[in-house]
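Please keep the structure in view as you go through the points.

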Amino acid sequence: MTLARQRSQDFLLFLFLQGLVVVIATDSAAGPYRVVIVGGGLAGISSACVLAARGHQVTLLEKNPWVGGKAAALEADGFRFDMGPTILTLPSVLRRVFAEAGKRVEDYLELLPLDPQWRCFFEGSQGGSPTTLDLVADVPTMKRHLDAFTDSPQAGEGYERFIAMSKNLHEVSDRFFFWKSVGGLTDTFDFGSSFSAAVLKDVLSLQMGRSVSSVVRRHMPDERAAQMMDHFTQYVGSAPDQSPAVLCSIAHMQTEEGIWYPVGGTRAVPLALERLAGELGVDIRTGTDVQAIETDGHAVRAVVTTDQETVPCDAVISNCDAVRTYRELLGGQAGGRFDKKNDYEPACSGVVFYWGLKRRYEQLLHHNFVFSRDAEEEFEAIYRRGEPARDPTAYLCAPAISEPAVAPEGGEALYVLVHTPYLRPHHDWKTMLPRYREVILEKLERTAGLEGLSDEIAFESALTPESIHHRYRVLKGAIYGLASHGKYLGAFKPGNRRSDVPGLYLAGGAAHPGPGMPMVLMSGWIAADALDQDARSGRLARRLPIAADR
Ligand SMILES: Cc1cc2nc3c(=O)[nH]c(=O)nc-3n(C[C@H](O)[C@H](O)[C@H](O)COP(=O)(O)OP(=O)(O)OC[C@H]3O[C@@H](n4cnc5c(N)ncnc54)[C@H](O)[C@@H]3O)c2cc1C
């Protein structure tokens, strides 16, 4: 790099992050680009922070009155609930977003480690009593737990081998799948001249053609422990027997970096990002619904709100569901082409109960899974027949153990999530919910021993697939974007950089690398990074005169 070129840079950041040096430069000749972000979920706000930190002029439009999308909160009668995500993994992703602005997460958020990570409740077999198993981060300790739980040394040894394999898959994902815009296999591996024996080994290690459940059962002889290990695919709302083996990597991601509780609840995460975005000068407009992304027949040039305001821009990052972005916001030929080329399936939906309890149940940890009697029957119902499971698995968050202020003294802000199929035309959750509520209450009393639960409820609210659908404007009520189904290519989602519509980028659970808090934060980072790279290299045409310095 010449001295003159060095002088022309007005913005140079050296980020030292876990031994990784990232050098980012915004060229003064280029100047900031004007970017509109449609949707202020975790992905949208992550994109906004990254772009603003790199010197671009960012406007974020969110239809709801809050920023954070599904990471919303509900406060009533002295109870405080997180409404959506509660399990925070891979905090390194959040750190990287803050590091873009030279900031430390710790100065915005207090994160507490949770270990044991989950408590698992299993139905007793043949009328026997229910059993519990705690998932802990330390692998040797988990091995001992499993040996004792199954009364067999094979379980612990199988778990150790599984985690070693999961670690390898995680490393392959880090090398080829994460932190870059990927839309398919050819974006991942270079099958051309540089394709080496090492890369071939990585491709083979992905065990393409095998499902998560088959790989889990190759390692784990005990069906209850296998059900627990299968359950990582529920983080992406997909069936373990239809999901590609590479998703076994989630287990290692969780054991390596742990599970964290942000004091103030998960909601503290978008609030911290919103604060950062404000400090970086992002123009956040809540209560602003985007009706269309306008193009000149080819490239993006503006967005139009439902109030008929036109906001001109050089580029758009859509944090709206990928399929709905194409169908509803773009429409026309681009929308038609996308629909013709792709056949994406929504991930599962769910019902969530927010129960303010007069008491706490001491047998609950912060995170708990109360498992179905028959995992195969459960997944068959949700993912194949498209009906709620008769005997479902329930996820319970009981946060008073970590932060008693979530409830009046001695009480609990109990959150119960049961996965359901994505919305089908004949599903009417107004009539289905009261019946399903009884199924869930009975399940929790029987398998987790929550005796007298219904009598302890002092406050109640709920979300259904229908309300999720409208509240967050997702695809058929899906809570985790698009399903990861397909034993070969199920992990691939629509790529972040859209070559078919120059100036359009996608971020969120229905875009690469997929759903869940860390992945959507990464998705937001990737979309912003792709846009910034395109701007700096001249690949992204400027539509507006250079914006004035801020
Ligand atoms: C009940 C539930 C439990 C979950 N549990 C966990 C968990 O424990 N751990 C975990 O990691 N993940 C969990 N998830 C998944 C996680 O919440 C999501 O993957 C993630 O929050 C999605 O972020 P996003 O930015 O992609 O989308 P969203 O949060 O859906 O944000 C998109 C935003 O775009 C806005 N929008 C859409 N269209 C428009 C438009 N046209 N104009 C303006 N605004 C628009 C929407 O209003 C919304 O605010 C859970 C989700 C739910 C619902």
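This is a predicted model: local features need pLDDT of at least 70, side-chain atom pairs count only at pLDDT 80 or more; totals for chains, interfaces and linings use all residues.

Two residues are said to be in contact if their C-beta atoms, placed from the backbone, lie within 7 Å. In that sense, 12 residues of domain 1 are in contact with 11 residues of domain 2.

**Domains**

- The protein is divided into domain 1, which is made up of the stretches 3–72, 268–344 and 494–537, and domain 2, which covers 140–257.
- On the side of domain 1 that touches domain 2, the residues by class are six nonpolar, five polar and one charged.

**Around the ligand**

- The ligand is surrounded by 37 residues, and the closest of them are Gly39, Gly41, Gly69, Pro85 and Gly508.
- Two or more residues of this shell are given by each of helix H2 (42–53), strand S17 (349–357), helix H16 (465–472) and helix H17.
- Among the elements, H2 provides the largest share of the shell around the ligand, with three residues.
- Sorted by class, the shell around the ligand holds 19 nonpolar, 13 polar and five charged residues.

**Helices H4 and H5**

- In general, two packed helices are described by the angle between their axes and the distance between the axes.
- Helix H4 (residues 139–150) packs with helix H5 (residues 153–176) at an angle of about 145°, and their axes are 6 Å apart.
- H4 and H5 cross in a right-handed manner.
- From H4, the residues Val139, Met142, Lys143, Arg144, Leu146, Asp147 and Thr150 take part in the contact, and they meet Pro153, Ala155, Gly156, Tyr159, Glu160 and Ile163 in H5.
- This contact of H4 with H5 is made up, by class, of seven nonpolar, two polar and four charged residues.

**Helices H3 and H17**

- Helix H3 (residues 91–100) and helix H17 (residues 517–537) pack with their axes 8 Å apart and at an angle of about 30°.
- Because of that angle, which falls under 35 degrees, H3 is roughly parallel to H17.
- The crossing in which H3 passes H17 is left-handed.
- On the H3 side the contact involves Val93, Leu94, Arg96 and Val97, which meet Pro518, Leu521, Met522 and Trp525 in H17.
- Divided by class, the residues of the contact of H3 with H17 are seven nonpolar, no polar and one charged.

**Helices H12 and H13**

- Helix H12 (residues 322–330) packs with helix H13 (residues 332–341) at an angle of about 150°, with the two axes 8 Å apart.
- Because this angle is over 145 degrees, H12 is roughly antiparallel to H13.
- H12 and H13 have a left-handed crossing.
- Tyr326, Arg327 and Leu330 of H12 make the contact together with Gly332, Ala334, Gly335, Phe338 and Asp339 of H13.
- The contact of H12 with H13 divides by class into four nonpolar, two polar and two charged residues.

**Backbone details in loops**

- The peptide bond from Asp115 to Pro116 is cis, with omega near 5°, and Pro116 has its place in the loop between strand S8 (111–114) and strand S9 (118–122).
- A cis peptide bond is also found from His512 to Pro513, with omega near 0°, and Pro513 lies in the loop between strand S22 (504–506) and H17.
- Gln308 is a residue other than glycine with a positive phi, near 65°, and Gln308 is located in the loop between strand S14 (300–305) and strand S15 (310–312).

Conventions: Residues are numbered from 1 along each chain as its sequence is written. Axes are lines fitted to C-alpha atoms, for helices over the stretch in contact, and angles run from 0 to 180 degrees between N-to-C directions. Helices (H or I, at least four residues) and strands (E, at least two) are DSSP runs, numbered from the N terminus. A crossing is left-handed if the near helix is turned anticlockwise from the far one by less than a right angle, and right-handed if clockwise. Ala, Val, Leu, Ile, Met, Phe, Trp, Tyr, Cys and Pro count as nonpolar, Asp, Glu, Lys and Arg as charged, and the others, Gly among them, as polar. Angles under 35 degrees count as roughly parallel, over 145 as roughly antiparallel, 65 to 115 as roughly perpendicular and the rest as oblique. A residue is near a molecule or strand if its C-beta atom, placed from the backbone, lies within 6 Å of it. Domain bounds come from an automatic or database domain assignment.
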